[in-house]
Amino acid sequence: MRNIIDIINESVQRAADMQYGRDGLNIIVATNRGASIAAAEEVASGYGRGDTMPLAGVPIAVKDNIATLDMPTTCASRILAGYISPYEATAITRLRKGGAVVVAKTNMDEFAMGSSTETSAYGPTRNPVDPERAPGGSSGGSAAAVAAGIVNIALGSETGGSVRQPAAFCGVVGVKPTYGRVSRFGLVAFGSSLDQIGVCAKSVREAELATYLMSGLDPLDATSADVAVPPMRDAAQSDKPASLKGVTVGLPAEYFPDSLDPEVRARCDGAVEAMRALGATIVNVSLPHTALAIPVYYIIAPAEASSNLARFDGVRYGPRAANAADLRTMYDATRSKGFGAEVQRRILLGTYVLSHGYYDAYYRKAQAVRELISRDFTSVFGSGVDLLFTPTTPTPAFKLGAVTDPYEMYMSDIFTVTANLAGIPAISLPIGRVRGLPVGGQLLAKHFDEPRMFLAAEALESALGQGAHQ
Amino acid sequence: MTDWSKKYEMVVGLEVHVQLKTRSKAFCACSADFGAPPNVNTCPVCLALPGALPVLNAEAVLLAVRAAIALGFSVNLKSVFARKNYFYPDLPKGYQISQYDQPLAVQGTLHARIPGETATRAIAITRLHMEEDAGKSVHDRYPHMTAIDLNRAGVPLVEIVSEPDMRSAAEAGAYLRTLKQILEYADVSDVSMEEGSLRVDANVSARLHGESKLGTKTEVKNVNSFSAVERSLQSEFERQCEMLDRGENILQQTMIWDASSGTVRPARSKEESQDYRYFPEPDLPALILKPAFVKKVESDLPELPQKMRERFRSEFGIADAELDAVTADPRIAAYFEGVARAHGDGGHAARWVMGEVAAALNESATRIQDFPIRAPQLAELLDMIRDGKLSHTAAKAVFANMRSTGKTAPVIAAELSVTQVGDDSQLEQWIDEVLAELPAEAARFRGGEKKLTGVLVGAVMKKSKGRADPKKVNALLGKYSS
């Protein structure tokens, strides 16, 4: 085994070289060589003592909205400029205990509000596959960090597809665990009932390892689930993919509309055929309320965000507008300067839908429809379907600046947002390329059925082999 | 001044915030103690640092449920936390975690005891819900600046909302005193208005007698004692009556009580009415209570004042006025019960507890739990009085000595040589000596002048240095009179 400290040193160097867009990609927003080396030394001595460390010395990058010590946690927002958290997220603590070393914070859409990493106060990240294109978002920095080879594992966060969509755009694996599987303590809240920390990784295997290390009940998060963490699977014994015999995979009609890019459809067909060849039973299913997911999401998420972002008021941390005449002026100036346009748009939207007289028409109704969307999944999974397969996004990565209409941008999450609304786990993995750009295929599973999801994803990954990247 | 109550009726509803006496805050592990240096009892959760999440304190739930049961509420097995959104510097999250459309408890009744009346007045209480306190804004500490102390931020509260069921300031006062007493007995809060662990907002309106529609109400705030609540309600009622009588409309607004002038004034009007944008708190699952838990809280509930009164009445046979006095405070009641049990004469015990003991506590600003004379020791003193071993005067002296030395009554009585003498031969000897020393009075007394008895008893008492049993001396003297 190579010296852990050397590995981390190289990794930090790679990240630092790319920081502030020096590489032109603008993936990394913070590094701290001293802290990372110190952490590596600690891992090395623990490893020497024989501590169980599945990720001993593995460098990881972390999205800028997950609280870490030693590096700023700014959510790519001016309102948290320079803010360093005095505590770290439970997920980070668990990964560090497993031997991982945080080497960098990654760029993101401001407060995770966006699908292209273009709303970042640090400026947009470019897609390593094609620098003219967006890496997706909001965890664009984390997906790009893996795609660019800075790290093999990077944490992201999901509210409506913010790990899976950039993973698909950058050609890496992206996981959103079941709501409650991973503690949210230390993840800066956007839409609390939807948020989950997720993983971007080079392979399904690495994504699975990181997910399970982070998982489990956390007394600091009342919404974390008291569900046993699945045991780590033994490393694959052979190159032959696992059999999917006995696994029923549903193809929801609503995710394969006539308007779907034919080449994306063709890659999906290829993945379906691969699963069939592995023994899976393929069935056509319907999730009839899918079309309502985006409108419902854009009521619930902004509503929760408008409240979650109220704490950024300039009183206790973050920059405060100077020389304000009174309290109200201080609030207005601090928040108007601190938040970017998209964040302000969503705060306003959320404030509106929660307002007296509008609550029933919007928020309450959206929650009712969310329940219908959830039931779509429950009923499909209750009818003998184990997993669902869909394209992760309707199109491959779009060009930076190409999507200017917010609604059009929101629609890029159309296939991912349903898993967040229903709270179920989902994974995106590369299933091929279209016009040279990666295409992601998505597997969705029932609540806490990550073991089957990872098993199938790894089998599919293995079956597609290099084809997934061509 | 016009007596408006002849023409108009006062209608009052009260919202009472009560701090639960938990060790830690409602949603984090910080100490809920009062009086620490500013911002010492804080953590990422109650400072609302980015990424921090609330976790419900089980002890707060226990105390809230206990309060609800003590107040006769029906406890909801499912209640839901909600966010009440508003901006203020001492509200770190920009919202207060509260409960809104699914509160912890609904439909209670409070039987308010109105002083001087035997019957109680039933006042409907609408709801009891859990919430967290805000921090404190300190405006007078630094010039041109406001300082924020977040020690109190996140301390658990229950809010208890009554129906507009009270018809006078006295009734409102009675409601508050009874509420405080019940919560004290239930041992859920310090219920101190001075320390802010009990806060009152009063909604008040006026209407013509016989009118069934409610008038426009105002909310009276900034009141820091029960008597101030009564005075502020009266003052606001009169202001409203004067306006109504002039044909003016009442403006629905918040009134601030100014204790120094004894008047209310309108709060600085807000630019727009506050919209709190309540919605279910996504960070906390619904609070689900098991029926067995609620039952357990109910069966573990300490005895409440009403029940204790009835028990004391039948067990010790004491009168209403004394019952009120000894049951006003649960610790006094427990002390009284200890004395009455050990001594046997409840009336005697009540007179001493509310007399000498209360005066001593008051004079030394001591709490009953810190009072040096414990219940069995006081009972021993009362036994000696009953058995004729101490005169009332001597007993007071012994009591004072017990307070300062901590010794028992018999020991002190012996040390002070104040044990009452009831022995006939000794008493007769003193009587003989007195009659010999006062020959003129003796002659008149023997001649049948009964009114001299007092003088002679007094002389015997003096001779005995107060130790003679005056009743016995009195009886014995009879033999000397013709």
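How closely do the axes of helix α7 (residues 330–343) of chain B and helix α8 (residues 346–364) of chain B approach, and at what angle do they cross? The points below take up this and other features of the model, which is a predicted one.

1. **The α7/α8 pair of chain B.** The axes of α7(B) and α8(B) come within 8 Å of each other, with a crossing angle of roughly 140°. Since only angles over 145 degrees count as roughly antiparallel, the two helices are therefore described as oblique to each other. The crossing of α7(B) past α8(B) is right-handed. On the α7(B) side the contact is made by I332(B), Y335(B), F336(B), V339(B), A340(B) and H343(B), which meet G346(B), H348(B), A349(B), A350(B) and V353(B) in α8(B). Sorted by class, this contact comprises eight nonpolar and three polar residues, with no charged residues.

2. **The sheet of chain B.** Nine strands of chain B make up an open sheet of mixed pairing, and their order is β2-β6-β7-β10-β1-β11-β12-β13-β14. Its edges are formed by β2 (74–75) and β14 (263–266) of chain B, each of which pairs on one side only. Within the sheet, β6 (residues 105–113) and β7 (residues 120–132) of chain B are antiparallel partners joined over eight bridges. In this pairing, T109(B) is placed opposite A124(B) of β7(B).

3. **The β13/β14 hairpin of chain B.** β13(B) pairs with β14(B) in the antiparallel sense, over four bridges. M255(B) has P266(B), in β14(B), as its bridge partner. The two strands form a hairpin with four residues between them, and in the turn G262(B) has a positive phi of about 70°.

4. **Overall form of chain A.** Chain A contains 14 helices and 11 strands. Its radius of gyration is 21 Å, close to the 23 Å that the globule rule gives for 470 residues, so chain A is as compact as a globular protein of that length. The C-alpha trace of chain A spans about 70 × 60 × 45 Å along its principal axes.

5. **The α1/α2 pair of chain A.** Helix α1 (residues 4–18) and helix α2 (residues 33–49) of chain A pack with their axes 9 Å apart, at an angle of about 155°. This angle makes α1(A) roughly antiparallel to α2(A). The crossing of these helices is right-handed. From α1(A), the residues I4(A), I5(A), I8(A), N9(A), V12(A) and A16(A) meet a set in α2(A) that consists of R33(A), S36(A), I37(A), A40(A), E41(A), V43(A), A44(A) and Y47(A). By class, the contact has 10 nonpolar, two polar and two charged residues.

6. **The sheet of chain A.** In chain A, 11 strands form an open sheet of mixed pairing in the order β1-β3-β2-β4-β6-β5-β10-β11-β9-β7-β8. β1 (28–30) and β8 (281–285) of chain A are the edge strands, each pairing on one side only. On average, neighbouring strands of this sheet are turned by 30° against each other, direction ignored. β9 (residues 387–391) and β11 (residues 437–445) of chain A pair in the antiparallel sense over five bridges, and F389(A) stands opposite L443(A) in β11(A). Helix α4 (residues 140–147) of chain A packs on the sheet, its contacts including β1, β2 (59–63) and β3 (101–106) of chain A. The direction of α4(A) makes about 155° with that of β4(A).

7. **The contact between the chains.** Chain A contributes 34 residues to the contact and chain B contributes 26 residues. On the side of chain A that touches chain B, α8 (293–308) and α9 (327–338) of chain A each supply at least two residues. α8(A) gives the most to this side, with three residues. By class, the side of chain A that touches chain B has 18 nonpolar, 10 polar and six charged residues.

Conventions:
Residues numbered from 1 in each chain as written. Chains lettered and ligands numbered in written order. Predicted model: local features only at pLDDT ≥ 70, side-chain atom pairs only at ≥ 80, totals over all residues. Axes fitted to C-alpha atoms, helices over the stretch in contact; angles between N-to-C directions. Parallel < 35°, antiparallel > 145°, perpendicular 65-115°, else oblique. Left-handed = near helix turned anticlockwise from the far one by under 90°. Contact = placed C-beta atoms within 7 Å. Nonpolar A, V, L, I, M, F, W, Y, C, P; charged D, E, K, R; others polar. Pairing = 2+ DSSP bridges. Rg over C-alpha atoms; globule rule 2.2 N^0.38 Å.
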